[in-house]
Amino acid sequence: MSRIVFSSDRMYYRTSDRRMVKDILDFHIRNKEHFDRWESKKSDDYFTEPYVRFLVKYENKQLKSLKEIAFWITDRESDSRKIIGRVSIFGIIPGNYSTCIIGYKIDKDYEGKGYMKEAVLSVEKFLYEQLGIRRMEALILPENERSVMLILACGYQYESVCRSAVEIGGVRRDHLRFYKLLGGNL
C-alpha cells in the first residue's frame, strides 16, 4: 500500500512523506508537555529533524508491509499544513482475524472539541471499507478519563485489564482494553 489521503467533515488524514518533516516536528515540540504523561519516555533526539526523517521512513516501510498505519491529521478550516493530531493503527492482523489496535493523540489546543471522536470514527470507516478490518481494540491508562470517555462515545466496549501492557514514562503499566466490532453485529 502506498500513500493514503482522505478527509472527513473537519479534517484531512494523510500518511507521512518527507515534505511533512517540519510539520511533524512542530507538532511534537508544541505538544511535548501535553503528551508526556501518556507516552513512553522520549529522548532529546526525538525532537529533531533527523529523528522525524527516520520516523517518516519507518512509517512508510510499515505502511508498505501493512503492519502499521499512521494518519497525520490537519484541520480543513485552518492552515492545512499544521498537524493537529495523529491516529495510529498497529498490530494489524488481516484475514480471519481482521483486527488491529488504535492509538491517538490530539493537539492541546484541539482537545475537548470533538475532533478526535470524528477522527477515530473516520479512520474506522476507512479501515473497514478499504482493508476489511472487523475488530478494533484500544488500550488506555485507567486514569486517562478523557480517553476512556472518547472511546466509549465511539461505541467501544470495555473488555479487560491488560497487565503491564505498555511502557509509559519508563514503567510498564496496566491498561484497560476496549473493543469495537465494525460493520454491525458479526
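## Salt bridge tour

Start with Arg135 and Glu159. Their side chains form a salt bridge, with the closest N and O atoms 2.7 Å apart. Arg135 sits in strand 6 (residues 135-140) and Glu159 in strand 7 (residues 157-168), so this pair ties together parts 24 residues apart in sequence. Keep in mind that the model is predicted. Glu159 is partly exposed, at 36% relative accessible area.

Asp174 belongs to strand 8 (residues 171-181) and Arg163 to strand 7, so the contact ties together parts 11 residues apart in sequence. Arg163 counts as exposed, at 60%.

Now select Arg135, Glu137, Glu159 and Arg177 together. Salt bridges that share partners join these four residues into one network.

Next, go to Asp17 and Arg3. They form a salt bridge, and the closest N and O atoms are 3.1 Å apart. Asp17 lies in the loop between strand 2 (11-14) and helix 1 (21-30), while Arg3 lies in the segment before strand 1 (5-7), so the pair ties together parts 14 residues apart in sequence. Is Asp17 buried or exposed? Asp17 is buried, with a relative accessible area of 12%. Arg3 counts as partly exposed, at 35% relative accessibility.

How many does the structure hold? The count is 17 salt bridges, among them the Asp17 and Arg3 pair.

Technical notes
Residues are numbered from 1 along each chain as its sequence is written. This is a predicted model: local features need pLDDT of at least 70, side-chain atom pairs count only at pLDDT 80 or more; totals for chains, interfaces and linings use all residues. Side-chain values use heavy atoms; hydrogens and water are left out. Helices (H or I, at least four residues) and strands (E, at least two) are DSSP runs, numbered from the N terminus. Buried means under 20% relative accessible area, exposed over 50%, partly exposed in between (1.4 Å probe, protein chains only).
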